[in-house]
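Visitor: I would like to learn how to read a fold from its coordinates. Please take me through one model, feature by feature.

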Amino acid sequence: MARASIVGAGMTKFGTHADETLAELFAEAALPALDDAGAGPDEVDALYFGNTSAAISENDTHLGPKAASQIGLAGVPTQRFEDACATSATATKHAVAAIEAGLHDVVLVGGAERCTPASGLDTDEMTRVFASAASRHYEQPVGLTFPGVFALLTKRHMHEYGTTREQLAEVAVKNHHHGSLNPRAQHGMEITHEDVFDGPLIADPFHLYDCCPFSDGASAILLVSEDAADSYDSTPVDINGIGHASGGVPLSEQSAFTATRAARDAAAEAYAQADIDAGEVDFAEVHDCFTGAEILATEALGLFEDGEGGPAVADGRTALGGEVPVNPSGGLKAKGHPIGATGTAQLVELTEQLRGDAGDRQVEAPTTGAAHNLGGEAATTVVTVVEARP
């Protein structure tokens, strides 16, 4: 039995949205999600809204009621969630639980974020805001940023398994190709391996094209119970499992750098709820904030054995048309990464793919998709299993 069903999905193009407030930006995703379901604002019982950085970067707080008012939901209960880059996936988990418990029947879930220099802070300042998710006492004082965190994890993976720079570059080339097929991608252009190798060094082994961009954007989904889903206009898809786990902060508290333990625990929980195993996942949207992070994620999800994530991408097994396409949307690398919107944007992609509505980037006849959304230094991970109805 499904834990909840998605009956509406919407998102903005990711990129720069300098002239809109966060509430206005969220409305550009939320109203299409309602339209998709054929639902009006008066049918929504609650809004679960994700935003990570605006309190620091824009001096903008208490965002739940602001977002609700913008779309005609003033008066409904609303809650803002913050869980670093896993923000709106965490909001989704709580919305599903609220529907299961009978607390609400119809919940709008989503997020909005503005991270680009055009909409606020320059790259150095926004990097400092992102780094606030690292340990305040042990990591921030020595200047550890997230390119540095994932460079450490990836260098260890290269040491243990022989993962190569060429395999990392293949992740970037693949995801930019997928992004070139997605009209909402921030960087919808093809790149070459030489572009990756020749880019400026950010944090060894990562060059510029190994890193996802700063982005503005919003996404939203409308959740209802499984039984109510068929009364809406759209083709519903079912959330059959959500796993949520945390790892240690600082990094020294984590049991193994390359294992990303929280992701493995979250995946095991989600698969058990959905009564599937990793071999039944047809495609996945994973948190490729850096190229190395995608390889770690595919192994943590059980799509490949440890050490096989690099060879798998090099052999085309994770590309569209391959054995298990990963990030057909372009992923964070090419589609973009407006932090608080990323989790529900992954679920928008899963919804469109499972409905067969993904256009040129459509995965062939998928029935089961997985989303992997992590926060901080892989210290929070939410894995969601979404399935098409038979």
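**Reading the fold**

Guide: The buried residues of H9 pack against S8, helix H10 (291-300), strand S10 (368-375) and S11. Buried means under 20% relative accessible area, exposed over 50%, partly exposed in between, with a 1.4 Å probe and protein chains only. Helices (H or I, at least four residues) and strands (E, at least two) are DSSP runs, numbered from the N terminus.

Visitor: What should I know about the source of the coordinates and the numbering?

Guide: This is a predicted model, where local features need pLDDT of at least 70, side-chain atom pairs count only at pLDDT 80 or more, and totals for chains, interfaces and linings use all residues. Residues are numbered from 1 along each chain as its sequence is written, and side-chain values use heavy atoms, with hydrogens and water left out.

Visitor: Which residues of H9 are buried?

Guide: First the general idea. An α-helix has 3.6 residues a turn, so residues three or four places apart point the same way. In H9 the buried set is Ala262, Ala263, Arg264, Ala266, Ala267, Ala270, Tyr271 and Ala274. Just after H9, aspartate 275 has a positive phi of about 60 degrees.

Visitor: What span should the 14 residues of H9 have?

Guide: The expected span is 1.5 Å times one less than the number of residues. For helix H9 (residues 261-274) that gives 20 Å, and its end C-alpha atoms are 20 Å apart, which agrees.

Visitor: In what order do the strands of the sheet run?

Guide: Strands of a sheet pair through backbone hydrogen bonds, either parallel or antiparallel. Here two strands pair if DSSP finds at least two bridges between them. The order is S3-S2-S4-S7-S1-S8-S11-S10-S9, an open sheet of 9 strands with mixed pairing. S3 and strand S9 (283-285) are the edge strands, each pairing on one side only.

Visitor: How many bridges join S8 to strand S11?

Guide: There are 9, and S8 and strand S11 (residues 380-388) run antiparallel. Histidine 244 has valine 382 in S11 as its bridge partner. Strand S1 (residues 4-11) is also antiparallel to S8, joined by 3 bridges. There, serine 5 stands opposite aspartate 238 in S8. S8 (residues 237-246) is mostly covered, with 8 of its 10 residues buried. S1 also pairs with S7, over 6 bridges in the antiparallel sense. Glycine 10 has alanine 220 in S7 as its bridge partner.

Visitor: Which residues have the most contacts inside the largest nonpolar core?

Guide: In soluble globular proteins, nonpolar side chains tend to be buried together. A nonpolar core is a set of buried Ala, Val, Leu, Ile, Met, Phe, Trp, Tyr and Cys residues joined through side-chain atoms within 4.5 Å. The largest one has 31 residues, and Tyr48, Val109, Ile221 and Leu223 have the most contacts inside it. H4 gives the largest share, 6 residues.

Visitor: And aromatic pairs: how many does a search of the whole structure find?

Guide: It finds 5. Rings of Phe, Tyr and Trp (its six-membered ring) pair if their centres lie within 6.5 Å; planes under 30 degrees apart count as stacked, over 60 as edge-to-face and the rest as tilted. The tyrosine 48 and phenylalanine 81 rings have centres 5.5 Å apart and planes at 35 degrees, so this pair is tilted. The two residues are 33 apart in the chain, tyrosine 48 in strand S2 and phenylalanine 81 in strand S3 (residues 78-81). Both are buried.

Visitor: Is aspartate 227 buried or exposed?

Guide: Aspartate 227 counts as exposed because its relative accessibility is 68%. This residue is in the loop between S7 and S8.

Definitions and conventions:
Contact = heavy atoms within 4.5 Å.
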